[in-house]
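Here's a quick briefing for anyone meeting this protein for the first time. Have a look at the chain, then read on.

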Amino acid sequence: MENIENNPIIIQQISEKGSAAVVPVGNSMWPTLKNRGQTVIIGKKPERLKPLDVAIFRRKNGNFVMHRVMEVKDGYCIMCGDSQFVREKVDADSIFGVMLGFYEGKKYVSCDDPEYIKRVEKLFSDEKKRKRRVKRYFFFLNLASLPKRAFNKIFRRKRKEKENG
């Protein structure tokens, strides 16, 4: 998920307090995290990341991103969002934190919770099924926004016609 809100203070908060609470923005970590839908607790980067951890890193363009660790290599990790399929090589020095847990409504879900681990392992156990699920989600997301987009397009055109006289 890109553009984590309040990102300028995240690193400082983690180094001073040991953790930070953020609200992620974007759909790249769906279905685990919803766009602006949850508060996520980020902790300091552990000595050794593990596959399926959710790490927080800073891209070269300055954006903060939260993606899942797919592979751990010497000096870098291969990362990918839960609803994405392009894997990204990220230098270990760019990674500064790891998701400790998140809130689903008022319930806190720890990343150490066996049910959460089982859910994530199931999500990544069948890549074809994951692709179908993600494509279906984004199809219906676009379909749901179609009436609003059509309405805006029609009335924007009418407003422009009135303005141009």
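What follows goes from the overall layout to strands and then to charges.

This is a predicted model, where local features need pLDDT of at least 70 and side-chain atom pairs count only at pLDDT 80 or more, while totals for chains, interfaces and linings use all residues. Residues are numbered from 1 along each chain as its sequence is written, and side-chain values use heavy atoms, with hydrogens and water left out.

**Overall layout**

- The protein chain has three helices and eight strands; helices (H or I, at least four residues) and strands (E, at least two) are DSSP runs, numbered from the N terminus.
- Reading from the N terminus, the order of elements is α-β-β-β-β-β-β-β-β-α-α.
- Picture the C-alpha atoms filling a box of roughly 65 × 35 × 35 Å along the principal axes.
- Of the 165 residues in the protein chain, 33% are buried; buried means under 20% relative accessible area, exposed means over 50%, and partly exposed is in between (1.4 Å probe, protein chains only).
- Take the contacts (heavy atoms within 4.5 Å) between residues at least 6 apart in sequence: 53% of them join residues at least 24 apart.
- The accessible surface comes to about 10,600 Å², and carbon and sulfur atoms own 52% of that; the areas come from the Shrake-Rupley method with a 1.4 Å probe, and for residues only the protein chains shown count as cover.

**Strands β1 and β2**

- Strand β1 runs antiparallel to strand β2 (residues 40-44), with four bridges joining the two; strands pair if DSSP finds at least two bridges between them.
- For V22, the bridge partner in β2 is V40.

**Strand β5 and its neighbours**

- Four of the five residues of strand β5 (residues 76-80) are buried, so this strand is largely enclosed by the rest of the structure.
- On one side of the pairing list is strand β4 (residues 64-73), which is antiparallel to β5 and joined to it by five bridges.
- V69 stands opposite M79 in β5.
- β4 and β5 make a hairpin with two residues between them, and G75 in the turn has a positive phi of about 85°.
- Strand β6 (residues 88-91) also runs antiparallel to β5, with four bridges between them, and K89 in β6 stands opposite I78.

**Charges and salt bridges**

- The protein chain carries 36 positive and 20 negative charges, and their mean positions are 9 Å apart. Lys and Arg count as positive and Asp and Glu as negative, while His and the chain ends are not counted. Each charge is placed at NZ of Lys, CZ of Arg, CG of Asp or CD of Glu.
- Side chains of opposite charge can pair when their charged atoms come close.
- A salt bridge here is a side-chain nitrogen of Lys or Arg within 4 Å of a carboxyl oxygen of Asp or Glu, and the count comes to six.
- One of them joins K50 to D53, with the closest N and O atoms 3.3 Å apart; D53 is buried, at 13% relative accessible area.
- Another links E71 and K73 at 3.2 Å, N to O. E71 is partly exposed at 32% relative accessibility, and K73 is partly exposed at 36%.
- K118 and E115 form a salt bridge too, their closest N and O atoms being 3.6 Å apart. Both lie in helix α2 (residues 114-125), three residues apart, or about one turn of the helix, and E115 is exposed at 52% relative accessibility.
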